Amino acid sequence: MSQHQIQVTINGKAYEADVEARLLLVHFLREKLNMTGTHIGCDTTSCGVCTVLFNGKPVKSCTLLAVQANGAEVRTVEGLAQNGKLHPVQEAFHEKHGLQCGYCTPGMLMTSVALLERNPHPTEDEIRHGLSGNLCRCTGYTNIVKAVQYAAEKMAES
Amino acid sequence: MIPPSFDYVAPQTISDAVAALSQNENAKVLAGGQSLIPVMRFRLASPEVLVDINRIEGLSYIREEDGWLKIGAMTREADVEHSSLVSERYPLLADVARVISDPVVRNMGTVGGNLANADPGNDQPATMLAYGAEVVATGPNGERVIPIGSFFLGLYESALARDEILTEVRVPAPRPRSGGAYLKFERKVGDFGTVAVAAQVELDENDNFVSVGLGLTNVGLTAIQAAAAEDFLKGKAASEDNIRQAASLAAEAAQPIADFRGSEEYKRSLVKTYTVRALRKAVERAKGG
């Protein structure tokens, strides 16, 4: 067993911790830092509910070791709202009813945020392709796609 | 599911990483980790040491040099997908980069890892067989070049020695009137292909095949090069009839087994259909379509 000291910036705040090498990033977030906004779904790198932004890119935090995040910038769903104001993508999921049970939503939001940061005006096809690593068992995706389109419009206006 | 305990080192240089591999017989390279971490969580693999090569600089690049497209082993599949050089000049590689696992996995998964894992269900092995690529392995005695045709030895078994790291992949730069395509049949995004076919062709001015590369995904213990089909087409007209005959040969070369993705006959039939379609598309692209 090996212990490692890591420093990670999460949602702009610096954290230091001693972690076992086998600790997964998602467990570090949820169990060591009590940041339970990032969910665990399939445990098999399939569903994407545990998606966080790792140095700006969406990754599955169940398939990354916490020790790999040493020195990295991580963004989670907890970091989206600023000063009590929802992120435009969160607002859009609310407005367009882009969720039903809400379990996949943290991952959907993080992937959508990164998608719009890279491509502010995606086509429907690009949205569907971009979100294809995040599974939703409720919505049939229609309203999720609408929400991302709505967020793109809102973000272009502001 | 939590992996068993292991030691972890994150060297800054290739030589330190090679040294770490040499020191422990049960050490494993951690590249993108998108296959390794899941199998460790399922406890199908329990290396004693993980040698994380993510912190070694200079292993992520896509550039043309000396008649090759050189891809650093740690280049993420997403970087291939978003590369304008790849989308303009390497249609087969551009196709495959869009269908490897899913977009989130592609942000971590690497080209080198996809090959070094030697999983017949992975998409880069058949692609690189179709291209006639080379890989560069770096070990204690420096670099050696391995032609892709002799790289895959068996299920999850490659020509890499225990203390060698795959550091670069080299794809031949496209010649005039060449083109390629990758077609994958998958039950859902993120699954391994039930079957996939990689085709790379070059035509002469009369639309005869100058060269043909055909790789098959997930229908054997390794990715399969459909050599008989390739040889059949060489020098022949790029006609529908010839393509269909070659596809029958490719289906014969496949060695699928029945599993939850389908029966042996079904997969063989898919190989035939997908070979026809991949070759048609490759020919169309070679003609400039």
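Trainee: How far apart are the end C-alpha atoms of helix H5 (residues 142-157) of chain A?

Mentor: Ground rules first: this is a predicted model, where local features need pLDDT of at least 70, side-chain atom pairs count only at pLDDT 80 or more, and totals for chains, interfaces and linings use all residues. Residues are numbered from 1 along each chain as its sequence is written, while chains are lettered from A and ligands numbered from 1 in the order in which they are written. Helices (H or I, at least four residues) and strands (E, at least two) are DSSP runs numbered from the N terminus, and a helix's expected span is 1.5 Å times one less than its number of residues. H5(A) has 16 residues and so should span 22 Å, which agrees with the distance between its end C-alpha atoms, 23 Å.

Trainee: What covers the buried residues of H5(A)?

Mentor: Buried means 20 or more other C-beta atoms within 10 Å of the residue's own, exposed means 12 or fewer, and partly exposed is in between, with C-beta atoms placed from the backbone. In H5(A) the buried ones are Asn143(A), Ile144(A), Val145(A), Ala147(A), Val148(A), Ala151(A) and Ala152(A). Their cover includes three helices of chain A: H2 (88-95), H3 (105-118) and H4 (124-130).

Trainee: What radius of gyration does chain A have?

Mentor: The radius is taken over C-alpha atoms, and the globule rule is 2.2 Å times the number of residues to the power 0.38. For 158 residues, a compact globule would come out near 15 Å, so chain A agrees with its 16 Å.

Trainee: Which element gives the largest share of the side of chain A that touches chain B?

Mentor: Contact means C-beta atoms, placed from the backbone, within 7 Å, and by that rule 25 residues of chain A meet 21 residues of chain B. Strand E4 (57-60) and H4 of chain A are the elements that give two or more residues to chain A's side. The largest share, 4 residues, comes from E4(A).

Trainee: How many residues on that side of chain A are polar?

Mentor: Ala, Val, Leu, Ile, Met, Phe, Trp, Tyr, Cys and Pro count as nonpolar, Asp, Glu, Lys and Arg as charged, and the others, Gly among them, as polar. On the side of chain A that touches chain B, 6 are nonpolar, 4 are charged and the polar ones number 15.

Trainee: In E14(B), what is the bridge partner of Leu216(B)?

Mentor: Strand E13 (residues 209-217) of chain B is joined to E14(B) by 2 bridges, running antiparallel. The E14(B) residue bridged to Leu216(B) is Ile224(B).

Technical notes:
Contact = placed C-beta atoms within 7 Å. Pairing = 2+ DSSP bridges.
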